[in-house]
Amino acid sequence: MFLWGTATASYQIEGAVSEDGRGVSVWDTFSHEPGRVRDGHTGDVACDHYHRWPEDVALMADAGLNAYRFSVAWPRIQPTGRGAVNQAGLDFYDRLVDGLCEKGITPALTLFHWDLPQALEDEGGWLNRDTSRYFADYAAIVAERLADRVPMWITLNEPFVHMTFGYALGVHAPGRTLFLDALPAAHHQLLGHGLAVSALRANGAEQVLITNNCTPVWPASDAPEDLAAAEAYDTLHNRLFNDPLFAASYPDFSAFGVEELDFIHDGDLETIGQPLDGLGINYYNPTRVAAPSTDALPFDDAGITGYPTTAFGWPVVPDGLRELLGSLKARYGAALPPVYITENGCSYEGIDDQERIDYLDGHIAAVRQAQAEGVDVRGYFVWSLLDNFEWAEGYHQRFGLVHVDFATQKRTPKASYHWLKRLIAG
């Protein structure tokens, strides 16, 4: 059965940040620091999904969706990231899963979508190897409660983005600006993934995946310097998080002046590289790079022109998704598991959102073309069900199939929602 779904993330929709024993996350802290989020917006209320989830599940059911990818807020389960379990937090997700199952919607659960418990960040966060072990403990707790009804488990969402924006550049929580010194956060996330794979399977999880944000990398020209820049960027964005999973190794980082990744311990790659039941791919656009103009990094962002753009300014390149899927199959061959498009979507204003319809139509066609070319794609999840808290942009970017009036929390399905409903119905 092909999965047609939508995706959300806990901090972006739930609200209720201080209810029922939930602990503080890095995004609670970050969003309340002046200047971090546009216009001082926070996820304190967001879409109030914590209280309004039955209405949101009903919207999914009415659209004919057969899957829903959501994330669990680690601070709801373990307020400090380790130790005592907050049963009220587990109860919330228990109710949500039951509600999905009652409507015939397959729950696809993501364990980590960037809302690390602040108490763990205070001890180093993902720079601290111990966080990997705590993550596996947390995974076991959630699976023990929900694996009897949740068939699909995703360990991490976009570890590249979390490392880069959260630890290297500081534009996302936890707001660190470590540049290449953030690389341990990549390895410890992947190690946490590997440890969680074992913990999930020991507690009855049927399918275990990871979701990586990947991008086709285009050189600005055929000049050797631009080709080398593209190879370096591909190493950082794509291969750093896929090679350990499917090639049992890390790529060469010498282009970055890094000769040895000294944070890797014996046995780590075996832990990380356990076979998976699927790979989640989040795709938004290609990346075009040129030879570097400074010594800071071995590439410059060259931008992409000649394509329409979303309200976020991102280029709309549907065929990039087909290109990406084909390149993954070519690179990893039989080691590549079945693929699920776990996020794909766009920001546009308005309820009569023909631009979003065109975007989705083009990208779904690209998925079908990739399937025809031999890529085993088994699901497509639209980002997102609801307009929500869009990280550092606050409430200024609207990705939802459903419009949310954040003053009243009124939900209004957009034209794209009704288009997708007709598509799924056939």
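These legends describe close-up views of one predicted model. Local features need pLDDT of at least 70, side-chain atom pairs count only at pLDDT 80 or more, and totals for chains, interfaces and linings use all residues. Residues are numbered from 1 along each chain as its sequence is written, and side-chain values use heavy atoms, with hydrogens and water left out.

**View 1. The largest pocket.** The volume here is about 1300 Å³. A pocket is an open set of points on a 1 Å grid over the protein atoms alone, where a 1.4 Å probe fits, with protein on both sides within 12 Å along at least five of seven lines. Lining residues have an atom within 4 Å of a point. The volume is the space filled by probe spheres set on the points, which are joined across faces, edges and corners. The lining has 47 residues. Phe160, Val161, Phe165, Tyr233 and His237 lie nearest the centre. Two or more lining residues come from each of α8 (159–168), α10 (224–246) and β8 (287–290). Helices (H or I, at least four residues) and strands (E, at least two) are DSSP runs, numbered from the N terminus. The largest share, 6 residues, belongs to α8. By type, the lining has 29 nonpolar, 12 polar and 6 charged residues. Nonpolar here covers Ala, Val, Leu, Ile, Met, Phe, Trp, Tyr, Cys and Pro; charged covers Asp, Glu, Lys and Arg; the others, Gly among them, are polar.

**View 2. The second largest pocket.** This pocket has a volume of about 170 Å³. Its lining consists of Thr215, Pro216, Val217, Asp234, Asn238, Glu323, Leu324, Ser327, Leu328 and Arg331. Helices α10 and α12 (319–332) each give two or more of these residues. The most, 5 residues, come from α12. The lining divides into 4 nonpolar, 3 polar and 3 charged residues.

View 3. Buried means under 20% relative accessible area, exposed over 50%, and partly exposed in between (1.4 Å probe, protein chains only). Beyond four places in sequence, Met163 is in contact (heavy atoms within 4.5 Å) with Ala168, Ala182, Leu183, Ala185, Ala186, Gln189, Leu236, Leu240 and Phe241. In soluble globular proteins, nonpolar side chains tend to be buried together.

**View 4. Asn282 in strand β7.** Strand β7 spans residues 278–282 and includes Asn282. Asn282 counts as buried because its relative accessibility is 0%. Its side chain makes a polar contact with the side chain of Glu158 at 2.8 Å. A polar contact is a pair of N or O atoms within 3.5 Å; within protein, one must be able to donate a hydrogen and the other to accept it, and residues adjacent in sequence count only if both atoms are side-chain atoms. Leaving aside neighbours within four places in sequence, the contacts of Asn282 include Arg69, Asn157, Thr211 and Glu343.

**View 5. Thr6 in strand β1.** Thr6 lies in β1, residues 3–7. Thr6 is buried, because its relative accessibility is 0%. Not counting residues up to four places away in sequence, Thr6 touches Met60, Leu65, Ala67, Tyr68, Arg69, Phe381, Val382, Leu385 and Leu401.

**View 6. Two cis peptide bonds.** The bond from Ala173 to Pro174 is cis, with omega near 10°. Pro174 sits in the loop between α8 and α9 (183–202). The bond from Trp383 to Ser384 is also cis, with omega near 10°. Ser384 sits in the loop between β11 (377–383) and β12 (402–405). Most residues other than glycine have a negative phi, and most peptide bonds are trans.

View 7. Ala46 has phi near 50°. Its place is the loop between α2 (26–31) and α3 (49–63). With a relative accessible area of 4%, Ala46 is buried. Ala248 has a positive phi of about 60°. Ala248 lies in the loop between α10 and α11 (268–272). With a relative accessible area of 54%, Ala248 is exposed.
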